[in-house]
Amino acid sequence: MAAQCVTKVELTISCTNLLDKDVGSKSDPLCVLLQNTSGQQWYEVDRTERVKNSLNPKFAKKFLIDYYFELVQKLKFGIFDIDNKTFDLNDDDFLGEFECTLGQIVSSRTLTKPLVLKNGKPAGRASITITAEEVKDNRVVVLEVEARKLDNKDFFGKSDPYLEFHKQTGDGNWVMVHRTEVIKNNLNPVWRPFKISLNSLCYSDMDKSIKVECYDYDSDGSHDLIGSFQTTMSKLKEASRSSPVEFECINEKKRQKKKTYKNSGIVSVKHCEIIVECTFLDYIMGGCQLNFTVGIDFTGSNGDPRSPDSLHYLSPNGVNEYLTAIWSVGLVIQDYDTDKMFPAFGFGAQIPPSFQVSHEFPLNFNPSNPFCNGVQGIVDAYRACLPQVRLYGPTNFSPIINHVARFAAAATQQQTASQYFILLIITDGVITDLDQTRTAIVNASKLPMSIIIVGVGGADFDAMEFLDGDDGVLRSSSGEPAVRDIVQFVPFRKFQNSPKEALAQCVLAEVPQQVVNYFSTYKLQPPKNPASK
């Protein structure tokens with residue numbers, strides 16, 4: 001599955017206290033950006049200009065880089081003192097470097113770190129500052145349009161009108177950018193309000209022509225043109241409910257045939273507003289934390305962990321499908337959580353000391369502090385917990401979903417987009433409490449949380465596919481629909497022979513949109529709002 005670029009990010013670089021390698025003058029630094037594809041392979045993305053005689057350069061040239069939330073994108077910034085005309089940097093003095101991920105940069109927005117030499121030692125007192133900014137125009141146009149006295153094109157009944165909005169490309173062609181719904185049997189239609197990005201409507205140019213065509217819908221596809229007009233965003237923007245902007249809908253063929261032709265109806269724009277919508281990176285750069293929780297299935301159907309055919313069996317190199325899934329997803333998400341303390345739970349096992357069955361026990365057996373330090377902490381807790389529990393059953397998801405939902409509900413008391421919760425459940429599949437789980441998910445869909453389910457082993461995952469609302473809206477056992485789709489399910493076996501990044505790419509691809517949908521629905525702004533700069 002090809003990764004979808006969420007957005008482009010512009011990086012601005014400056015340095016302080018660089019090493020001085022020039023005799024009689026100061027270093028002439030340049031910054032080179034390298035990206036890591038896999039393993040130790042680095043390739044050059046771009047380089048800045050050379051700044052003459054400066055140990056505290058502010059580079060004017062920015063780095064433009066595609067940002068993917070669902071990937072760990074490793075970057076290296078190298079600083080060199082340039083004393084010759086050659087492109088090759090090997091013959092230039094190396095002043096230090098800094099390695100990080102793009103996720104770390106965007107979650108900090110501005111990152112200042114010491115530069116190090118090739119041997120890992122500090123490059124004197126030198127430091128680098130990297131500032132990230134999303135490259136975007138996130139203005140959106142909200143339009144409310146109606147019409148009156150449209151020509152009747154239908155022999156029986158009245159016209160079934162709809163509108164099409166077109167923008168003009170650089171070579172003069174018209175491209176359709178929006179089509180309204182059809183209003184049946186009505187010559188005075190009122191269309192539903194709609195939103196379209198300013199860039200889509202007119203390339204964000206207030207004076208660029210916009211063509212609006214009004215058609216009579218026919219089910220056989222032979223839609224009849226009622227009439228059209230041209231306008232600009234500058235003109236549409238004048239519309240208000242007390243004083244709508246009105247256009248005559250003109251049908252050129254009719255006008256040429258008929259001397260007394262006036263128009264084919266009036267289209268009235270009664271509301272046109274330009275609003276700024278936050279993007280995923282606006283929330284992240286504005287201080288929103290992604291809280292990551294893991295739930296691990298310890299039910300008997302996994303098989304005895306000591307047996308090589310068990311899903312919990314640790315291979316000689318210390319891994320299994322559960323650990324691979326935790327690493328894959330955790331490595332991406334950890335960049336977006338400042339304290340990197342992750343709660344981790346198990347379910348479906350008999351736990352010490354009394355060996356009662358629990359559907360929500362901390363992997364570290366510490367209910368008052370179920371947090372693990374980083375992804376490695378989760379892995380260590382899992383390995384330590386495995387020999388101490390007895391795999392049992394049944395497979396109940398709802399307790400752990402409701403557990404995270406309680407924290408997500410508490411976060412809704414804050415009036416900003418400060419926290420979003422991601423629950424990763426790893427399971428061997430057969431779910432027992434389907435009705436309670438459906439209800440738990442429907443309730444959670446109203447909260448700032450997403451649920452990722454990774455199915456390990458070879459079981460039949462039909463129930464999981466059903467929870468992932470891609471095929472239609474999930475309903476609770478009482479029939480209440482989920483207000484948004486928050487579950488993403490993937491079977492691990494699909495990725496067994498793929499690169500290790502592929503699983504995270506697939507399960508996390510929908511998260512940015514889920515975050516944006518939640519916060520925009522509830523009109524919550526980032527704690528530090530970068531959109532209002």
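Mentor: Let us start with the second largest pocket of this predicted model, whose lining residues divide into 9 nonpolar, 12 polar and 5 charged.

Trainee: What makes a residue of that lining count as charged, and what as polar?

Mentor: Asp, Glu, Lys and Arg count as charged, so K74, K500 and E501, which are among the residues closest to the centre of the second largest pocket, belong to the charged class.

Trainee: Which elements supply the lining of the second largest pocket, and how much space lies in it?

Mentor: β2 (29–36), α6 (321–333) and α11 (501–508) each supply at least two residues of that lining, with α6 giving the most, 5 residues. About 650 Å³ of space lies in the second largest pocket.

Trainee: What makes α6 and α7 roughly antiparallel to each other?

Mentor: The two helices, α7 being residues 374–385, pack at an angle of about 165°, with their axes 9 Å apart. Angles over 145 degrees count as roughly antiparallel, and α6 and α7 are therefore given that description. As for handedness, α6 passes α7 in a right-handed crossing.

Trainee: What makes β11 an edge strand, and in which sheet does it lie?

Mentor: β11 belongs to an open sheet of 4 strands in the order β11-β10-β13-β14, with antiparallel pairing. The edge strands, β11 (174–179) and β14 (224–231), each pair on one side only, and the twist averages 30° from one strand to the next.

Trainee: How much space lies in the largest pocket, and which residues lie nearest its centre?

Mentor: About 870 Å³ of space lies in the largest pocket, which is lined by 33 residues, with E277, C278, T279, Q513 and V516 nearest its centre. The lining divides into 14 nonpolar, 11 polar and 8 charged residues, and α12 gives the most to it, with 6 residues. Among the other elements that each supply at least two residues are β16 (266–276) and α5 (280–285).

Conventions. Residues are numbered from 1 along each chain as its sequence is written. This is a predicted model: local features need pLDDT of at least 70, side-chain atom pairs count only at pLDDT 80 or more; totals for chains, interfaces and linings use all residues. Side-chain values use heavy atoms; hydrogens and water are left out. On a 1 Å grid over the protein atoms alone, a cavity is a set of points where a 1.4 Å probe fits but cannot get out, and a pocket is an open set with protein on both sides within 12 Å along at least five of seven lines; lining residues have an atom within 4 Å of a point. Grid points are joined across faces, edges and corners, and a volume is the space filled by probe spheres set on the points. Two strands pair if DSSP finds at least two bridges between them. Axes are lines fitted to C-alpha atoms, for helices over the stretch in contact, and angles run from 0 to 180 degrees between N-to-C directions. Angles under 35 degrees count as roughly parallel, over 145 as roughly antiparallel, 65 to 115 as roughly perpendicular and the rest as oblique. A crossing is left-handed if the near helix is turned anticlockwise from the far one by less than a right angle, and right-handed if clockwise.
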